[in-house]
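I opened this model to look at how its parts pack together, and I keep my notes below in the order in which I looked things up.

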Amino acid sequence: MSCVIERVNFCEVYALLTDYAFVAFFIIFGLFFVAAALVGAWFIRPQRPSRVKGEIYECGETTRGTSWVRYNVRFYIIALAFVIFDVEAALLFPWAVAAKKLGLYAFVEIAIFVGILLVALAYAWRKGALKWA
Amino acid sequence: MKRLLEILGDWWAGLVGSAGLPSWVTVLGEMVFAAILIGAFIAVLVLFLIWLTRKVSAHIQLRFGPMRVGWHGAVQTVADAFKLLQKEDTTPRVCDRPVFNVAPFLAFAPTVVAFVVIPFGDGVIVRDLNIGVLFLFAITTINVIAIISGGWASGSKYSLLGGFRSAAQLVSYEVPLVLSALGVIMLAGSMKMGAIVEAQSRVWFVAYQPLAFAVYVIAATAEVNRTPFDIPEAEQELVAGYNVEYSGMKFAMFFLAEFANMFLVSAIAATLFLGGWRGPWLPGELWFLIKSFAIVLLLMFFRWTYPRLRVDQLMSFAWKFLLPLAFVNLLATGLIIALG
């Protein structure tokens with residue numbers, strides 16, 4: 001049986017699909033593993049909830065108010081910076097794989113791309129976005 | 001090991017073929033086999049790692065650690081696991097119940113999936129995905145969602161603080177971590193784990209990429225919340241951080257994921273920088289375990305050597321030192337490769 005039909009290598013396609021079938025199966029297996037542990041414990045463990053047990057733990061203090069409050073904005077800024085740089089890293093991966101073949105021209109382009117983001121980092125640094133206090 | 005797997009695979013394919021079943025049954029059987037093997041490996045691994053952690057920290061502090069259950073407390077963790085199994089699973093009244101219950105799943109499932117691309121030996125890998133390294137980083141990042149949803153849904157101030165800090169720390173160190181791996185990918189010219197190990201047949205990449213290795217180990221220590229980067233569960237101020245409200249098996253799942261992740265980052269370091277399963281005389285699987293556990297021990301020694309950093313120090317270290325360093329390494333490596 002020939003793999004290549006109309007320039008599409010179906011053996012490769014099949015191998016690729018099998019790869020991700022394994023990934024999908026492992027996701028299901030991981031979830032099943034947790035579920036099995038929780039259900040298994042459910043058969044063995046005692047189940048006597050009480051008012052005191054339902055309280056949240058704050059070192060013996062009586063809880064006051066909710067903990068779902070507005071939170072400090074600096075976490076938001078960190079998350080924003082993360083999104084920018086992680087997307088950048090994801091975009092660098094294809095270049096990294098082919099770096100040997102692409103040579104100097106691609107390197108200069110990547111250097112410009114990284115340079116722009118480094119300027120952004122310097123700007124954020126200067127503006128105090130990375131300062132915690 | 002490779003030979004054994006091949007024999008098993010042939011036998012199974014022959015069995016399915018002679019029974020007249022379609023070929024996808026073969027693949028399904030392989031999946032189940034691989035999943036059970038990995039599941040058993042993780043379970044044994046975590047039991048051993050917890051015991052090792054306790055023993056190492058005890059001996060560093062001139063204590064004995066667990067001694068009673070089995071030889072030098074060898075089956076102490078098994079006893080602990082049975083104890084956890086019998087513990088009541090309390091849920092705080094004010095918690096966000098669906099999110100609270102989903103968080104342990106999110107914590108553990110990605111860890112299992114990440115083991116798909118870990119090369120234990122020559123050909124001993126579940127599936128050598130062509131985007132291996134990228135896949136690893138993508139799947140292990142899901143852990144952040146588990147931590148922040150667990151911390152937020154508990155409805156406790158400690159867990160909320162722990163969850164937020166943890167998320168901020170994990171995302172901050174994620175960037176240098178990913179960037180440090182790029183140098184290795186450039187040298188190997190592939191993201192496949194198998195190809196990266198192959199490319200190190202003569203010289204380990206740590207020789208070409210010492211800076212990247214240093215950045216990786218530091219960032220990885222932060223990724224698995226080990227001291228000096230254990231702000232999220234700073235025992236003295238936050239009790240236990242994001243998982244303070246979890247008990248019983250749900251807590252065990254967070255714990256399991258944490259220790260499995262500790263091995264995972266060490267295994268990745270061994271594969272990317274220390275030549276993976278390659279080594280003389282001993283079988284590859286053994287080399288892989290030796291190298292991985294060397295990094296695990298390094299992380300443990302860190303814990304008992306350095307004091308904990310403050311949150312602001314932690315953040316500025318990631319963004320103002322580690323990230324520029326990772327970029328310098330990336331551009332230097334790129335330039336050298338581009339010039340020939």
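I began with helix α6 (residues 142-153) of chain B, which packs against α7(B) at an angle of about 160 degrees, with the axes 7 Å apart. Axes here are lines fitted to C-alpha atoms over the stretch in contact, and angles run from 0 to 180 degrees between N-to-C directions. Because angles over 145 degrees count as roughly antiparallel, α6(B) is roughly antiparallel to α7(B).

I then listed who makes the contact (C-beta atoms, placed from the backbone, within 7 Å): among them are Val144(B), Ile147(B) and Trp152(B) of α6(B), and Leu160(B), Phe164(B) and Leu170(B) of α7(B).

I noted that this is a predicted model, in which local features need pLDDT of at least 70 and side-chain atom pairs count only at pLDDT 80 or more, while totals for chains, interfaces and linings use all residues. Residues are numbered from 1 along each chain as its sequence is written, and chains are lettered from A and ligands numbered from 1 in the order in which they are written.

Next I turned to where the chains meet, and found 65 residues of chain B in contact with 53 residues of chain A. On the side of chain B that touches chain A, α7(B) gives the most, with 14 residues.

Last I looked at chain A, whose elements run β-β-α-α from the N terminus on, helices being DSSP runs of H or I with at least four residues and strands runs of E with at least two. The C-alpha trace of chain A spans about 65 × 60 × 20 Å along its principal axes.

How values were computed: Contact = placed C-beta atoms within 7 Å. Parallel < 35°, antiparallel > 145°, perpendicular 65-115°, else oblique.
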